Every structure is written in structure tokens, then in C-alpha cells.
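Let's get to know this protein model together, one question at a time. Have a look at the structure first, and then follow the questions below.

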Amino acid sequence: MTPLSAASGVENVLRILEGRWKLVILFHLFGGKVLRFSDLERAIPAISQKMLIQQLRQMEADGIVRRIVHHQVPPKVEYCLTDWGQALCPALDALLKWAAQKEPAER
């Protein structure tokens, strides 16, 4: 990779993951969890319903999340990660470990 292609790749990744709630949603779905929309609403109480819908739709369009519709009354919609979305877990774990290594600022 060249510096230019690496920068372009990082830009693409950040575009896919940008948004205040996408990483929070990912962490709730890691580990093969399948959650209903209402479960995600309860798990992330600070997010509005409109924003949750928007973030899930973007993640579905990007191939990270799979939306499963059960045609029943009342309608049941569930969300899970695609294999590609689940593959993000080790990379995000590495980022968390990296962030934890930061020493507190000296006073």
C-alpha cells in the first residue's frame, strides 16, 4: 500500500463507521447476537428511534448489519451482524486496548 491508498482506505472505513451510535450498536450485536429493534432501543436509551433506524439502515446498506423481517402480526424485525460486520470485533478490541494504554495526563 502507498500512503495515498492507505489514506483513502482509512477514509472509506471512517465513512462506514462514522456516526455517534454505530459503534455502540456494533458492540451490542457482537458475539452473534440477534436483537429485535425494541431490544436495541432498550439497550441504548439515549438514542432516538429515528436515529436508531437511520444508523441501522446505513449499516445494512454498507453490509455490516443484516435485517431479518418475520412476516407475522405484529411484525417482528431483528438485526444481527453479517460475517463481515462480525469481523470488525478484533479490530475494535485492538483499538480499545490501544486507547487503554494511554497514560493519564500529568498534572
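Q: Which residue forms a salt bridge with Arg42?
A: This is a predicted model, where local features need pLDDT of at least 70, side-chain atom pairs count only at pLDDT 80 or more, and totals for chains, interfaces and linings use all residues. Residues are numbered from 1 along each chain as its sequence is written, and side-chain values use heavy atoms, with hydrogens and water left out. A salt bridge is a side-chain nitrogen of Lys or Arg within 4 Å of a carboxyl oxygen of Asp or Glu. For Arg42, the closest N and O atoms are 2.7 Å apart, and the partner is Asp39.

Q: Why are Arg42 and Asp39 separated by about one helical turn?
A: Helices (H or I, at least four residues) and strands (E, at least two) are DSSP runs, numbered from the N terminus. Arg42 and Asp39 both sit in helix H3 (residues 37–43).

Q: Is Arg42 buried or exposed?
A: Buried means under 20% relative accessible area, exposed over 50%, and partly exposed in between (1.4 Å probe, protein chains only). Asp39 has 25% and is partly exposed. Arg42 has a relative accessible area of 59%, so Arg42 is exposed.

Q: Which residue forms a salt bridge with Arg15?
A: The structure holds 3 salt bridges. In the one made by Arg15, the closest N and O atoms are 3.7 Å apart, and the partner is Asp62.

Q: How many residues apart are Arg15 and Asp62?
A: Arg15 belongs to helix H1, while Asp62 lies in the loop between helix H4 (49–61) and E2. The pair therefore links distant parts of the chain, the separation being 47 residues.

Q: What distance lies between the end C-alpha atoms of helix H1?
A: The expected span of a helix is 1.5 Å times one less than its number of residues. Helix H1 (residues 3–17) has 15 residues, so it should span 21 Å. The model agrees with this, as the end C-alpha atoms are apart by 21 Å.

Q: What is the order of the strands in the open sheet?
A: Two strands pair if DSSP finds at least two bridges between them. Strand E2 (residues 65–70) and strand E3 (residues 76–81) pair in the antiparallel sense over 6 bridges, and strand E1 (residues 35–36) pairs with E3 over 2 bridges, also antiparallel. The order of the 3 strands is E1-E3-E2.

Q: Which strands stand at the edges of the sheet?
A: An edge strand here has a single partner strand, so one side is left without a neighbour in the sheet. The strands placed this way are E1 and E2.

Q: How many of the 6 residues of E3 are buried?
A: Strand E3 is largely enclosed by the rest of the structure. One of its residues, Glu78, counts as buried because its relative accessibility is 14%. The number of buried residues in E3 is 5.

Q: Which peptide bond is cis, with omega near -5°?
A: Most residues other than glycine have a negative phi, and most peptide bonds are trans. E2 and E3 form a hairpin with 5 residues between them, and Pro74 lies in that loop. The cis peptide bond runs from Val73 to Pro74.

Q: Which residue takes a positive phi of about 120° just after H1?
A: A negative phi is found in most residues other than glycine. The residue with the positive value just after H1 is Gly19.
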